[in-house]
Structure formats: structure tokens, C-alpha cells
Amino acid sequence: MAEAHQYRGHTIRFTVQRSPITLYWRARGTIEYTEAGRFWTFIMTGAIDTFITEAEAKDGFIQQAQKWVDDRLGSKSPL
């Protein structure tokens, strides 16, 4: 089931699943954001074959998505 996380007024939606082959956890999802008055959706895949637990995959994906928002939309000033 997809989870949602709010960051700086944008929505990060993601799912995590365990690879049956490698047994590592991975996440994938989208970042829904507004830029220049338009609504956008960016598809993102988390790190592969890195996370041993589901919680690590979730935290890692959220951190990666937050960094993307900060890099794309500027520093952590409110939007």
C-alpha cells in the first residue's frame, strides 16, 4: 500500500517492497509539487540493493525525495 509524506507543502508518495531475489528492500514513488503555478509529478526510484530493513528503505527514500525537493525548488525556505 502506498504511503504519503508531506514536505514543504509537497506530497511524496511511495511504496516499498522486498526483492525476492536479493532480499533487499527498495522504494519507488512520486513527488507531487507546484512550480511556476503548475502542478507536476516526478517519478523517483530509491536506491537498489542497499536496505536490509523496510524502515531503512522508507527513511532512505524520504531523505532522497526531500533532497530532490530542496535541490529542485531551492533551499529550505517556505514555499
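Q: Which residues does Ile12 touch in this predicted model, not counting residues up to four places away in sequence?
A: The model is predicted, and contact in it requires heavy atoms within 4.5 Å. With residues up to four places away in sequence left out, Ile12 touches Glu3, Ala4, His5, Tyr7, Thr30, Ile31, Phe61, Ala65 and Gln66.

Q: Which members of the largest nonpolar core touch the most other members?
A: In soluble globular proteins, nonpolar side chains tend to be buried together. The largest nonpolar core here has 17 residues. Those that touch the most other members are Ile12, Ile31 and Phe61.

Q: Which element gives the most to this core?
A: At least two residues of the core come from each of E2, E3 and H1. Seven residues are supplied by the element that gives the most, H1.

Q: In what order do the four strands form the open sheet?
A: The pairing within the sheet is antiparallel. Strand E1 (3-7) and strand E4 (38-45) are the edge strands, each pairing on one side only. From one strand to the next, the twist averages 20°. The order of the strands is E1-E2-E3-E4.

Q: What angle does the direction of H1 make with that of E3?
A: H1 packs on the sheet and touches E1, E2, E3 and E4. Its direction and that of E3 make an angle of about 30°.

Q: Which residue in the hairpin of E2 and E3 takes a positive phi near 70°?
A: E2 and E3 run antiparallel and are joined by eight bridges. Across this pairing, Gln17 stands opposite Arg26 in E3. The hairpin has six residues between the strands, and the positive phi near 70° belongs to Leu23.

Q: Which residue in the hairpin of E3 and E4 takes a positive phi near 55°?
A: Eight bridges also join the antiparallel strands E3 and E4. Gly29 stands opposite Met44 in E4, and Tyr33 stands opposite Trp40 in E4. Two residues lie between the strands of this hairpin, and the positive phi near 55° is that of Ala36.

Q: How many aromatic pairs does the count come to?
A: Ring centres must lie within 6.5 Å for a pair to be counted. By this rule the number of aromatic pairs is three.

Q: Why is the pair of Phe14 and Phe61 tilted?
A: Phe14 lies in strand E2 (residues 10-18) and Phe61 in helix H1 (residues 54-73), so the pair links distant parts of the chain, 47 residues apart. Both residues are buried. Planes under 30 degrees apart would count as stacked and over 60 as edge-to-face. The ring centres are 5.5 Å apart and the planes stand at 35°, so the pair is tilted.

Q: How many residues apart in sequence are the parts that the pair of Tyr33 and Trp68 ties together?
A: The two rings form an edge-to-face pair, with 5.2 Å centre to centre and 65° between the planes. Tyr33 lies in strand E3 (residues 25-35) and Trp68 in helix H1, so the parts tied together are apart in sequence by 35 residues.

Q: Are Tyr33 and Trp68 buried or exposed?
A: The cut-off for a buried residue is under 20% relative accessible area. Tyr33 has 5% relative accessibility, and Trp68 has a relative accessible area of 17%. Tyr33 therefore counts as buried, and Trp68 is likewise buried.

Q: Which residues do ring pairs link into a cluster?
A: Tyr33 and Trp68 form an aromatic pair. The cluster linked by ring pairs consists of Tyr33, Phe42 and Trp68.

Methods: Residues are numbered from 1 along each chain as its sequence is written. This is a predicted model: local features need pLDDT of at least 70, side-chain atom pairs count only at pLDDT 80 or more; totals for chains, interfaces and linings use all residues. Side-chain values use heavy atoms; hydrogens and water are left out. Rings of Phe, Tyr and Trp (its six-membered ring) pair if their centres lie within 6.5 Å; planes under 30 degrees apart count as stacked, over 60 as edge-to-face and the rest as tilted. Buried means under 20% relative accessible area, exposed over 50%, partly exposed in between (1.4 Å probe, protein chains only). Two strands pair if DSSP finds at least two bridges between them. Axes are lines fitted to C-alpha atoms, for helices over the stretch in contact, and angles run from 0 to 180 degrees between N-to-C directions. A nonpolar core is a set of buried Ala, Val, Leu, Ile, Met, Phe, Trp, Tyr and Cys residues joined through side-chain atoms within 4.5 Å.
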